[in-house]
Amino acid sequence: MTKTNDDITKAMDAQSLKLDIQRHLRYTLAKSKYSTTQWDKFRSVALTALDRLHDRWIDTQEHYYDVDAKRVYYISMEFLIGRLLDNMLVNLDILDEVKEALHELGMDYDQVKENEFDAGLGNGGLGRLAACFLDSMATLGIPGYGYGIRYDYGIFQQQIKNGFQIEKPDMWLRFGNPWDIVRPKVYYGVDFYGETVPYTDSDGQLRFKWVNTQKVNALAYDTPIPGYKNDVVNNLRLWKASSSKALDLQSFSQGEYIDAVRDSQLQENISRVLYPNDKVFVGQELRLKQEYFLVSATLRDILRRFKKVHNDWRKFPDKVSIQCNDTHPNLAIPELMRVLMDDEGLTWETAWDITRRSINYTNHTVLPEALETWPVPLMRNLLPRHLQIIYEINKRFLNHVRDSFGNDVNKVRRMSIISEGEKPSVQMATLGIVGSKKVNGVAKLHTDLIKKTIFKDFVELYPDKFVNMTNGITPRRWLKQCNPKLSDLITKEIGNGWITDLNQLKKIDKLADDKKFRERFTEIKRENKLDLIDFIESQYSLKLNPDSIFDIQIKRIHEYKRQLLVALHTAMLYNKIKANPDADFQPRTVLFSGKAAPGYTMAKLHIKLINSIAEKINTDPDTKGKLSCLFLENYTVSLAERLIPAADLSEQTSTAGMEASGTGNMKFALNGALTIGTLDGANIEIREEVGEENIFIFGLTETEVEEKRREGYNPRDYYNSIPELQEVMNQIRDGFFEPDSPELFHPIIRAILDEGDYFMVLADFQSYIEQQQEVEKLYKDQKTWIKKAIHNVARMGKFSSDRTISDYCEQIWECKRIDPPGNKKPAKSGKKN
């Protein structure tokens, strides 16, 4: 029997997939065998996957209405989703069938998937966490929605020229995005500027209108988010700014066409680029516009969906839970108040009760200076009604503070949403605490720190409001997808239940003593290293030694993350080789990757220093086969997927007390790398899980860092007492690594020796190199090293984002898993995390 198009688009076998790919090439893309490009091949495969997602997508959304599910709305300025093809096919469980179909068509899957652009809609961990959470919500059957902005340009494309970072626009949409669907009838007008006008309603109540505003439309683009093998497809909705006005033909006829076009483009700038530099006023205004644009459109959408089924606003918190990912979406609090009062006619008390029971706030920093604030004059100009509401919230809240603590002037000042002084500002974290149901940190240490430092006063007032939600990563992308050989080995030994219940990895713990398992584990690590070696040789013409320790640090470039510490150690190793080229030396390959914020001069100088050290090492014949160093440009999710499976050593070197959590540490350990790190962020919990004998911990603790600062830390004491450190610092100062510009790195030396070394690089250096010596000693004993690597993989169950989302559901959102449409049960995979 001949298959119909409907049969073909639903079937999951290789033959049907092959027919569907051919159909899309010819009838959707209008391409022949002579005109088909690699991009066309990728698009045809993506469209074939979408054919199988659409029924599940529609059925899932209808099912949520049918069962009147409580829905979770995750609002984030960033979603670092990367490439989606692998992820879609893995979760649909048709990756092997698609590979077979393409092979029969004379195409290579690995070549086809390389044509997808990374969707770089985030700066780093914040956005990647949001992406992992969406995957877990769908896999667990949680009625979850992601809401963000469809930036025309994501995080900049980084190029390295003469060792310096150069920023280029990230044109990820140059050929369009095959995964999203524009919803031309789903758009909302978002207001800015204007003024508030009081009036009395028919009941004699004082009300306010926001009038004379400038309007920008928010247009919806939807991307399906499939769960793993469970027929659930949730939704990521991204908003694009568009002009609310058609071009004025009269202006055109009067020669003002350019002005009309300019005004339209200014409105559309809101979604033009991810996080513009906010160091100048215009940039601040655009950033605040982005935040309100996201919040306003999202809340209107949430309220529309609620009102389809319900007309009793008291039920809103029972059917809606809103999670603000960091302070950026916290304008949701005054916006929900505004809509409920001004548009829906509710009283202040009712609106406030609904708001405080519906909205939650995730904090991502322990640094007071990193907490977001907005100048009152800026907010008064841009969002006058919201500032009015914030002032009223603050007045009522401070009355409550006085009732609770008496007239403690200093406490009242510290807890005020509006800071005092010549330049008053709105404290967005404080607004988030006051207006939310729950506030969470993202690792145990982080949560403890915010409770005893920056939010101490609020914990006294609301002791039950603050909870910990240790971050996690999705094992679908960060093991099954990015490390298929290790994934297959694990599945062969213990079955595939670990894919949705990562705690099942504990079953391989005992296999660390199984010789055959260890040997295959070792082979896979080497094969992954060889794959990375081939990639680096093709891109950088640098040949690496597969027998060397692959020592990798990949993350945003920042002084507190201390790439400088790793660079100093690498230079010290070079000096060690030069001092005795014939001595026995444990080979090592040091790989860096990450982006520095365009305006962060010191971080960009660190990149240049790393590249200068690498140039010196890689061009010296004495280091051949012994030491290599490389900074890989343009760090992306896809590059991380190449690097992480090949890593032997994971560098997690942040100054203790400064990293909220980190998730790169989890990804490396899950893929069999050992961690060298401080007791910071989630490193502490990783040590608890894997065992202190299976991790290399160095440096001061958070408490010791604070004590050293109080006592008076002098970095020159360490500079003078550690000869190897002094030699490297002098080389950097004297231009050894940059002879054509010997003073180039003086700002780095000044920051360390003359300006207090705020990030304690020198204080931790000796402890760090001692642990690195332990690394080298252990690596020579490959049997023991591999055992420890297996223990790391086996004990990472806690760090699944499935567990994190389950914790959110239980402790914050109070929502339940919904069985898939038609009562189809997800594939059996053991108890959910």
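Student: In which hand does helix 23 pass helix 24?
Tutor: Helix 23 passes helix 24 in a left-handed crossing. The term applies when the near helix is turned anticlockwise from the far one by less than a right angle. Note that this is a predicted model.

Student: Why are helix 23 and helix 24 called roughly parallel?
Tutor: Helix 23 (residues 563-579) and helix 24 (residues 601-618) pack at an angle of about 20 degrees. The label covers angles under 35 degrees, and the two helices are therefore roughly parallel to each other. Their axes are 10 Å apart.

Student: Which residues in helix 23 and helix 24 meet?
Tutor: Helix 23 contributes Gln563, Leu564, Ala567, Thr570, Ala571 and Tyr574, which meet His606, Leu609, Ile610, Ile613, Lys616 and Ile617 in helix 24.

Student: What makes strand 20 and strand 23 edge strands?
Tutor: The order of this open sheet of six strands is 20-19-18-21-22-23, with parallel pairing. Strand 20 (627-632) and strand 23 (696-697) each pair on one side only, and they are the edge strands. Helix 23 packs on this sheet and touches strand 18, strand 19 (588-593), strand 20 and strand 21. The direction of helix 23 makes about 150 degrees with that of strand 19.

Student: What makes strand 18 and strand 21 count as a pair?
Tutor: Two strands pair if there are at least two bridges between them. Strand 18 (residues 549-554) and strand 21 (residues 649-652) have two bridges, in the parallel sense. The bridge partner of Asp551 in strand 21 is Leu649.

Student: Why is one side of strand 7 and of strand 17 left without a neighbour in the sheet?
Tutor: These strands belong to an open sheet of nine strands with mixed pairing, in the order 7-10-11-4-1-12-13-16-17. Strand 7 (181-192) and strand 17 (466-468) stand at the edges and each has a single partner strand, so one side of each has no neighbour in the sheet. From one strand to the next, the twist averages 25 degrees.

Student: How many bridges join strand 16 and strand 17?
Tutor: Strand 16 (residues 439-441) and strand 17 pair over three bridges in the parallel sense. Opposite Val467 in strand 17 stands Asn440. Helix 34 (residues 801-813) packs on this sheet and touches strand 1 (71-75), strand 12, strand 13, strand 16 and strand 17. Between the directions of helix 34 and strand 12 there are about 115 degrees.

Student: Why is strand 4 described as largely enclosed by the rest of the structure?
Tutor: Buried means under 20% relative accessible area. Six of the six residues of strand 4 (residues 144-149) are buried, so the strand is largely enclosed. Both faces are covered: Gly144, Gly146 and Gly148 are buried on one side, and Tyr145, Tyr147 and Ile149 on the other.

Student: What stands opposite Tyr73 in strand 4, and what stands opposite Gly148 in strand 11?
Tutor: Tyr73 stands opposite Tyr145 in strand 4, and strand 1 pairs with strand 4 in the parallel sense over four bridges. Gly148 stands opposite Leu238 in strand 11. Strand 4 and strand 11 (residues 233-243) also pair in the parallel sense, over five bridges.

Student: Is Ser271 buried or exposed, and what shows it?
Tutor: The relative accessible area of Ser271 is 0%. The cut-off for buried is under 20%, so Ser271 is buried. Ser271 lies in the loop between helix 9 (257-268) and helix 10 (281-309). Apart from neighbours within four places in sequence, Ser271 is in contact with Ile149, Arg150, Tyr151, Asp152, Trp239, Lys240 and Ala241.

Student: Which residues have the most contacts inside the largest nonpolar core?
Tutor: They are Phe192, Trp239 and Phe293, in a core of 274 residues. Beyond its neighbours within four places in sequence, Phe293 has contacts that include Ile149, Val190, Phe192, Trp239 and Ile270.

Student: What makes Thr522 partly exposed?
Tutor: Buried is under 20% and exposed is over 50%, with partly exposed in between. Thr522 has a relative accessible area of 31%, so Thr522 is partly exposed. Thr522 is placed in helix 22 (residues 515-540). Its C-alpha atom is separated by 59 Å from that of Val339, 183 residues apart along the chain.

Student: Which residues in helix 27 are buried, and what covers them?
Tutor: In helix 27 (residues 683-690), the buried residues include Asn683, Ile684, Glu685, Ile686 and Val690. Among the elements covering the buried residues of helix 27 are helix 18 (444-452), strand 21 and helix 33 (782-794). Just after helix 27, Gly691 has a positive phi of about 95 degrees.

Note on methods. Residues numbered from 1 in each chain as written. Predicted model: local features only at pLDDT ≥ 70, side-chain atom pairs only at ≥ 80, totals over all residues. Heavy atoms only, no water. Core = buried A, V, L, I, M, F, W, Y, C linked by side-chain atoms within 4.5 Å. Buried < 20%, exposed > 50% of the residue type's maximum accessible area, 1.4 Å probe, protein only. Contact = heavy atoms within 4.5 Å. Axes fitted to C-alpha atoms, helices over the stretch in contact; angles between N-to-C directions. Parallel < 35°, antiparallel > 145°, perpendicular 65-115°, else oblique.
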